[in-house]
Amino acid sequence: MTEPAIELRGISKAFGPVQANRDIDLKVMPGTIHGIIGENGAGKSTLMSILYGFYKADRGTILIKGRETAIPDSQAAIAAGIGMVFQHFKLVQNFTVLENVVLGAEEGAMLRPSLAKARRLLRELADEYELEVDPDETVENLSVGHQQRVEILKALYRQADILILDEPTGVLTPAEADHLFRILRGLRDEGKTIILITHKLREIMDVTDTVSVMRRGEMLDTVGTADTSPEDLAERMVGRKVLLRVDKRPASPGAPVLEVEGLRVVDADGVERLRGIDLQVRAGEILGVAGVAGNGQSALLEVLGGISKATGTVRVNGEGIDLSGTRSDGRTRRARGIAHVPEDRHRLGLILDFAAWENTAFGYHDKAPYSSGAMMDHKAMREDTAAKMERFDVRPPDPNLPAKSFSGGNQQKIVLAREIERNPDLLLIGQPTRGVDIGAIEFIHQRIVELRDAGKAILLVSVELDEIMSLSDRIAVMFDGRIMGERLPAETSEGELGLLMAGMDGAAEGAPAPKAGDPPGTGADPLAEGAA
Ligand code: ADP
Ligand code: MG
């Protein structure tokens, strides 16, 4: 019988009152890709940090290849053959690839000879595992996907035969993620052991051999990937049945609610964030804006939400809105029927030290039912918030708790409850389910579709392509401050959207669709379109 590459026995770890890991047993077999899945806060990163020597477990033992091994720090982890690929890369930006790979691994002061040796080794590794990167390129000039390859090379250079990747695809385009998975399969086939942490069911199904499910600090089950399904895994993660597909009827769009023409934004550093955006969202439809983070989607939402300034034209219900970005603009926007669920809810959506009821009333405190003339009615605010919290399944439904004491998913529900229950004509919504658990995702998606079905216009920005594909009635893809193209969900593929997200015109691959740069609404008729 083969020995596990890693065996954990009874690992526990608490942070104050939070039991992040509770009595965890796990066996990871050599030469396999072993997925660990679980909702936010399930304890995945904590467990891996213990394995990599960042945290010390309160209890429990670690066995590497059958031998009990203490891992007090990352040196010990490296010595035990464990490599970690971080979500936020720890590369030195102005060093070359080669320098980054040998950094911290060179023998004594003899850097020169080891550089020549490293270059050779790097070539071999690159050839063997599709890890090609130019050794002499400066890291800051590399795409995120290539930087990740450097992280992997770094671990392999240190002779890791167990590789841990914690949520590695969050920053990648679909094509980059596919490439990463090819690399991982190659490494596995050479006998390396891979631990892949992710909350994405599809990735687990695509690439892993075995999957372990964590929930609330505990290790629930370990199953063969071939013996499970996304639905089954979701149910294990959440503890109840979850609807993975958005249940929605075809849209029946009405008149344009939002019209954007020639929108340009230059940021404080003189960088052009939006380079002439044209788009339209009609009543009763969801326009999804896809793109890799940092391609102008955030700037678009902030301008429309009145947080930053821009030039160009924006009309809501046919009437122009002010783009000067002055502070009072959030209020003006609300008066015009625009609601905004910002991407960065900690910075823009909530005041964390304020109670839920204060946050719910935030921005609306001077209107009925919260106010009659000069007096704000705190009791009405509390009661109204409690009712909203019930309806939006916020847990716990206590309006007096400060916003910071809710989990990320529940904070998001508080912001959504506030914005959606205003019954806006136009909802701007950024990353609606970032940091949100699968069970709450289902709920949030249903509320968004309901608002659409009530005839409202929704502009959805998300870096999750699955979310864009399943919610949108039309999809616009942004790249480098421009809209690369618009597609209908039923007539496109993740592959085609991925090309557009990478700045390539994906027209060759897909069905006839509007070309990049065409004004919205000139392509196929969205009315003829069934929901994906
Ligand atoms: P996951 O990676 O599955 O999302 P984590 O391991 O990051 O989960 O977190 C598990 C729990 O431990 C969460 O409740 C989190 O808030 C808590 N936690 C994680 N790291 C720390 C820390 N350094 N200090 C305090 N609490 C932490
Ligand atoms: Mg984590």
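User: So buried means under 20% relative accessible area, exposed over 50% and partly exposed in between, using a 1.4 Å probe and protein chains only; where does valine 18 land?
Analyst: Valine 18 counts as partly exposed, because its relative accessibility is 47%. Before going on: this is a predicted model, where local features need pLDDT of at least 70 and side-chain atom pairs pLDDT 80 or more, while totals for chains, interfaces and linings use all residues. Residues are numbered from 1 along each chain as its sequence is written, chains are lettered from A and ligands numbered from 1 in the order written, and side-chain values use heavy atoms, without hydrogens or water.

User: Okay, which strand holds valine 18?
Analyst: Valine 18 belongs to strand 2. Strands are DSSP runs of E with at least two residues, helices are runs of H or I with at least four, and both are numbered from the N terminus.

User: What does strand 2 pair with?
Analyst: Strand 2 (residues 18-28) runs antiparallel to strand 1, with 7 bridges between them. Pairing takes at least two DSSP bridges between two strands.

User: Why call strand 1 largely enclosed?
Analyst: Because 7 of its 10 residues, in the run 6-15, are buried, the rest of the structure largely encloses strand 1. It also pairs with strand 4 (residues 59-64) in the antiparallel sense, through 5 bridges. Within that pairing, isoleucine 6 has isoleucine 64 as its bridge partner.

User: Switching topic: what order do the strands take in the open sheet of 4 strands?
Analyst: The order is 12-11-14-15, and the pairing is antiparallel. Strand 12 (272-282) and strand 15 (319-320) are the edges, as each pairs on one side only. Strand 11 (residues 256-266) is linked to strand 12 by 8 bridges. Over there, valine 260 faces leucine 279 of strand 12.

User: Now the backbone. Where's the cis peptide bond to proline 396?
Analyst: That bond runs from arginine 395 to proline 396, with omega near -10°. Proline 396 lies in the loop that connects helix 13 (378-391) and helix 14 (408-420).

User: What's up with phi at aspartate 393?
Analyst: Aspartate 393 has a positive phi near 55° despite not being glycine. Most residues other than glycine have a negative phi, and most peptide bonds are trans. Aspartate 393 is also in the loop between helix 13 and helix 14, and it counts as partly exposed because its relative accessibility is 29%.

User: And what about phi at aspartate 480?
Analyst: Aspartate 480 isn't a glycine either, and its phi is positive at about 50°. You'll find aspartate 480 in the loop between strand 21 (474-479) and strand 22 (482-487). Its relative accessibility is 35%, so aspartate 480 counts as partly exposed.
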